[in-house]
Amino acid sequence: MRISIAVGARMNQQSSVKLVLFVEDESASRRGYVMYLTAAGFNVQEAATGQAALSAARARRPDVIVLDLGLPDIDGWEVARQLRAAPATAAVPIIALTGSDLPHERVSAMRAGCDRHLAKPCVPQHLLETIQLCIGELERKGREGR
Ligand code: CA
C-alpha cells in the first residue's frame with residue numbers, strides 16, 4: 001500500500017476508531033449528526049466556522065470531513081480549496097453538505113475539491129453510509145492524489 005502523508009498522520013489512531021471532522025454552523029443540526037455518528041462508533045470533532053474547520057483539519061488530521069458549504073466566515077467551497085491545496089490535508093475525503101440537490105450545487109462542490117455531495121436535509125443513516133464508503137475507498141486503494 002502506498003504510504004501517504006495522510007496515512008502517516010493516522011498512525012496515532014491505529015485502532016479502527018475513525019475521526020470525523022463535522023463542519024456546520026447550525027448548532028442544532030450539528031449536534032444531532034454528531035450524536036448519531038458518535039453512537040455509530042466514530043470520534044467526532046465539531047467545527048462551526050470555516051476557520052475553525054481549517055484549524056481542526058490541520059491539527060487533528062481527520063479521516064473524513066463533512067463540510068457544510070454555507071458557513072458564516074470562509075464558505076465551504078473556499079475551505080475545500082484550502083484543504084486540497086495543503087499537503088497535510090489534500091488527501092482527506094470531503095463530503096459536502098449543501099442546501100439543495102441541484103446539479104450546479106453538486107458541480108461546484110466537486111470543483112472545489114469535495115469528493116461527494118449530500119443535500120440537506122440528509123438522513124443520518126445516509127450520511128453514515130457515505131462516510132463508511134469514503135473510509136472504505138481510502139483503505140482499499142490508498143490515495144493517489146487528486
Ligand atoms: Ca450552514
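Author: Let's begin with one term: a residue counts as buried if 20 or more other C-beta atoms lie within 10 Å of its own. Keep in mind that this is a predicted model. In strand β3, V64, V66 and D68 point one way, I65 and L67 point the other way, and all are buried.

Reader: Thanks! What does that say about β3 as a whole, enclosed or open?

Author: Five of the five residues of β3 are buried, so this strand is largely enclosed by the rest of the structure. For the protein chain, buried residues make up 32% of the 146 residues.

Reader: Which strands pair with β3, and in what sense?

Author: To read pairing, follow the bridges from strand to strand. β1 runs parallel to β3, and four bridges join them. Here L21 stands opposite I65, and V23 stands opposite L67. β3 also pairs with β4, again in the parallel sense and over four bridges. On that side, L67 stands opposite A96 of β4. Between these two strands the chain crosses through α4, and this β-α-β crossover is right-handed.

Reader: And what about β1, covered or open?

Author: β1, residues 19-23, is mostly covered, with four of its five residues buried. Besides its bridges to β3, β1 pairs with β2 (residues 43-47) in the parallel sense over five bridges. As one example to find on screen, L19 has N43 as its bridge partner in β2. To get from β1 to β2 the chain passes through helix α2 (residues 27-39), in a right-handed β-α-β crossover.

Reader: Now the helix. Which residues of α4 are buried?

Author: With a helix, list the buried residues and then check where they lie around the axis. In α4, residues 76-85, they are G76, W77, V79, A80 and L83. These residues cover an arc of only 160° around the axis, which puts them on the same side of α4.

Reader: What do the buried residues of α4 pack against?

Author: They pack against α3 (50-60), β3 (64-68), β4 (94-98) and α5 (103-111).

Reader: How many of the contacts join residues at least 24 apart?

Author: Taking contacts between residues at least 6 apart in sequence, 62% join residues at least 24 apart.

Terms used
Residues are numbered from 1 along each chain as its sequence is written. This is a predicted model: local features need pLDDT of at least 70, side-chain atom pairs count only at pLDDT 80 or more; totals for chains, interfaces and linings use all residues. A residue is buried if 20 or more other C-beta atoms lie within 10 Å of its own, exposed if 12 or fewer, and partly exposed in between; C-beta atoms are placed from the backbone. The arc is that of the directions from the helix axis to the C-beta atoms. Two residues are in contact if their C-beta atoms, placed from the backbone, lie within 7 Å. Two strands pair if DSSP finds at least two bridges between them. A crossover is right-handed if, with the strands pointing away from the viewer, the path from the first strand over the helix to the second runs clockwise.
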